Amino acid sequence: MKNSILKNKSIKSFLDFFSRLSISAIFISSIPSKINDFERTVEYISSKGIPEPISSVLLVGAIICLIFGSGFFIFGENQKIGSFFLLIFLIPTTIIFHVFPFHQRAVFMNLGLIGGLIIAAIREPK
């Protein structure tokens with residue numbers, strides 16, 4: 001009887017979907033503000049020493065990574081692609097905005113997300 005609930009294929013499928021949706025929620029919730037406050041976000045990126053024209057390109061790339069990464073991660077057959085898109089967004093964002101100066105809570109939260117995304121990226125389909 002031990003772990004019998006986790007042997008049920010439909011429950012496992014639901015938990016897998018719910019887990020991917022939960023991980024993606026933080027990324028999805030950040031998309032509207034990046035689009036609606038585009039200029040202000042570019043200014044914030046530029047304040048970290050990145051030239052403004054490059055900041056605009058990076059922000060467009062970030063929005064694309066967030067949209068496609070979340071979509072593939074939640075719904076796509078290729079969840080690994082979604083994981084990679086989200087990692088491409090998350091790793092540099094963590095380094096640029098949270099390591100110098102060190103924001104302990106943000107760094108550790110992002111490390112948890114990075115770990116979850118890496119697990120999703122390397123796991124074998126069942």
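**Notes on the predicted model**

1. Gln79 is found in helix α5. The model is a predicted one, and the remarks below should be read accordingly.

2. Is Gln79 buried or exposed? Gln79 counts as buried because its relative accessible area is 18%, and the limit for that class is under 20%. Beyond its neighbours within four places in sequence, Gln79 is in contact with Asp16, Arg20, Phe72, Phe73 and Arg123.

3. Helix α4 comprises 24 residues. From its first C-alpha to its last, α4 reaches 34 Å, close to the 34 Å expected at 1.5 Å a residue.

4. Which residues of α4 are buried? They are Ser55, Leu59, Ala62, Ile63, Cys65, Leu66, Gly69, Ser70, Phe73 and Ile74. The elements that cover these buried residues include α2, α3 (38-46), α5 and α6.

5. The largest nonpolar core has 14 residues. Those with the most contacts inside this core are Phe27, Leu66, Phe73, Leu86, Phe89, Leu90 and Leu117. At least two residues of the core come from each of α2 (9-36), α4 (52-75), α5 (79-99) and α6 (104-122). Apart from this core lies another, of six residues, among them Val42, Ile45, Leu59 and Phe97.

6. With its neighbours within four places in sequence left aside, Leu90 is in contact with Phe27, Asn110, Leu113, Ile114 and Leu117. Of these partners, Phe27 and Leu117 are also listed with Leu90 among the residues with the most contacts inside the largest nonpolar core.

Conventions. Residues numbered from 1 in each chain as written. Predicted model: local features only at pLDDT ≥ 70, side-chain atom pairs only at ≥ 80, totals over all residues. Heavy atoms only, no water. Core = buried A, V, L, I, M, F, W, Y, C linked by side-chain atoms within 4.5 Å. Buried < 20%, exposed > 50% of the residue type's maximum accessible area, 1.4 Å probe, protein only. Helix = DSSP H or I, 4+ residues; strand = E, 2+ residues; numbered from the N terminus. Contact = heavy atoms within 4.5 Å. Expected span 1.5 Å × (residues − 1).
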